[in-house]
Amino acid sequence: MTAIELRGVEKSFGASKVIHGVDLAIEDDEFCVFVGPSGCGKSTLLRMIAGLEDVTAGEVAIDGQVVNDVEPSARRLAMVFQSYALYPHMSVKQNMSFGLRMTGTSKEETERRVLDAARILQLDGLLNRKPAQLSGGQRQRVAIGRAIVRQPRAFLFDEPLSNLDAELRVQMRVEIAKLHRDLGATMIYVTHDQVEAMTLADKIVVLRAGRIEQAGSPTTLYADPDNTFVAGFIGSPK
Ligand code: ADP
Ligand code: MG
């Protein structure tokens with residue numbers, strides 16, 4: 001089944017068109033990576049899927065339903081940003097619970113989900129700490145935990161590791177791959193890092209100046225790039 005579909009999606013900011021007719025299907029439980037140089041439109045595309053930006057033309061569909069006019073909160077997608085935006089005065093546990101309690105989930109159910117997510121993310125011993133008492137990697141895990149407890153239809157990651165140092169990035173990359181296996185959830189992951197794309201993706205979407213240059217498995221893109229841009233970015237020289 002197709003989880004998320006883009007049909008002829010375009011975006012303009014004023015007179016400037018930054019996304020040009022994007023067609024894309026993301027399947028159930030697929031790990032889909034958007035990759036491309038800075039400014040090519042990765043975040044804009046993700047934000048349109050999330051409903052944080054209107055589409056100028058075309059359609060975004062989730063589970064076959066067009067959601068162009070559906071509020072972000074009703075799309076049941078969870079977005080994880082590079083800036084963790086944790087509440088500094090709240091504990092890890094409160095940070096993870098807060099959004100859920102707001103939507104009316106019971107105290108017991110919230111507690112159960114937070115403990116589950118903490119176990120998956122190895123945050124068990126840290127639930128009473130404040131963000132300032134955590135490392136960068138631990139904070140990023142809390143941000144991911146906050147998404148997990150909402151049990152979203154899909155996870156949207158916008159360069160979640162770009163604030164971390166090189167060693168931690170590798171470690172978190174492994175953890176995100178594991179998270180995908182454990183949860184079996186649909187994930188869209190934005191990065192400008194080719195290695196992250198190659199190691200995490202079921203499907204890589206290579207973007208350039210608001211257009212899809214090529215979409216396919218890491219093996220396909222590496223072995224059989226459509227053009228020199230894709231080859232230069234991901235694949236072997238052609
Ligand atoms: P990426 O995430 O790939 O670095 P973005 O999606 O952030 O790229 O940006 C794509 C293009 O759209 C860029 O040229 C950027 O300057 C422009 N852009 C993004 N957001 C806005 C905005 N709110 N207003 C005007 N231009 C924008
Ligand atoms: Mg971006």
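Mentor: Helix α1, residues 42–50, gives the most to the shell around ligand 1, with three residues. Helices here are DSSP runs of H or I with at least four residues, strands are runs of E with at least two, and both are numbered from the N terminus. This is a predicted model, where local features need pLDDT of at least 70 and side-chain atom pairs count only at pLDDT 80 or more, while totals for chains, interfaces and linings use all residues. Residues are numbered from 1 along each chain as its sequence is written, and chains are lettered from A and ligands numbered from 1 in the order in which they are written.

Now the shell itself. Ligand 1 is surrounded by Phe13, Val18, Gly36, Ser38, Gly39, Cys40, Gly41, Lys42, Ser43 and Thr44. A residue counts as near a molecule if its C-beta atom, placed from the backbone, lies within 6 Å of it. Sorted by class, that shell has three nonpolar, six polar and one charged residue. For the classes, Ala, Val, Leu, Ile, Met, Phe, Trp, Tyr, Cys and Pro are nonpolar, Asp, Glu, Lys and Arg are charged, and the others, Gly among them, are polar.

On to the sheets. Strands of a sheet pair through backbone hydrogen bonds, either parallel or antiparallel. One open sheet has four strands in the order β2-β1-β4-β5, with antiparallel pairing; two strands pair if DSSP finds at least two bridges between them. β2 (16–27) and β5 (65–66) sit at the edges with a single partner strand each, so one side of each is left without a neighbour in the sheet. Inside that order, β1 (residues 2–13) and β4 (residues 57–62) pair in the antiparallel sense over five bridges. Leu6 stands opposite Val60 in β4, and Glu10 stands opposite Ala57 in β4. Two bridges join β4 to β5, again antiparallel, and Ala61 stands opposite Val66 in β5. Those two strands form a hairpin with two residues between them, and Asp63 in the turn has a positive phi of about 50°.

There's also an open sheet of six strands, ordered β6-β7-β8-β3-β9-β10, with mixed pairing. Its edge strands are β6 (77–80) and β10 (211–216), each pairing on one side only. β9 (residues 203–208) pairs with β10 in the antiparallel sense over five bridges, and Val205 has Ala215 as its bridge partner in β10.

Last, the helices. The axes of α2 (residues 92–102) and α4 come within 8 Å and cross at roughly 30°; axes are lines fitted to C-alpha atoms, for helices over the stretch in contact, and angles run from 0 to 180 degrees between N-to-C directions. That makes α2 roughly parallel to α4, since angles under 35 degrees count as roughly parallel, over 145 as roughly antiparallel, 65 to 115 as roughly perpendicular and the rest as oblique. The contact is made by Val92, Asn95, Met96 and Gly99 of α2 and Val142, Gly145 and Arg146 of α4, where contact means C-beta atoms, placed from the backbone, within 7 Å. Helix α4 (residues 136–148) also packs with α5 (residues 166–183), at an angle of about 30° with their axes 10 Å apart. That makes α4 roughly parallel to α5. Gly136, Gly137 and Gln140 of α4 meet Leu168, Gln171 and Met172 of α5 there.

Terms used: Contact = placed C-beta atoms within 7 Å.
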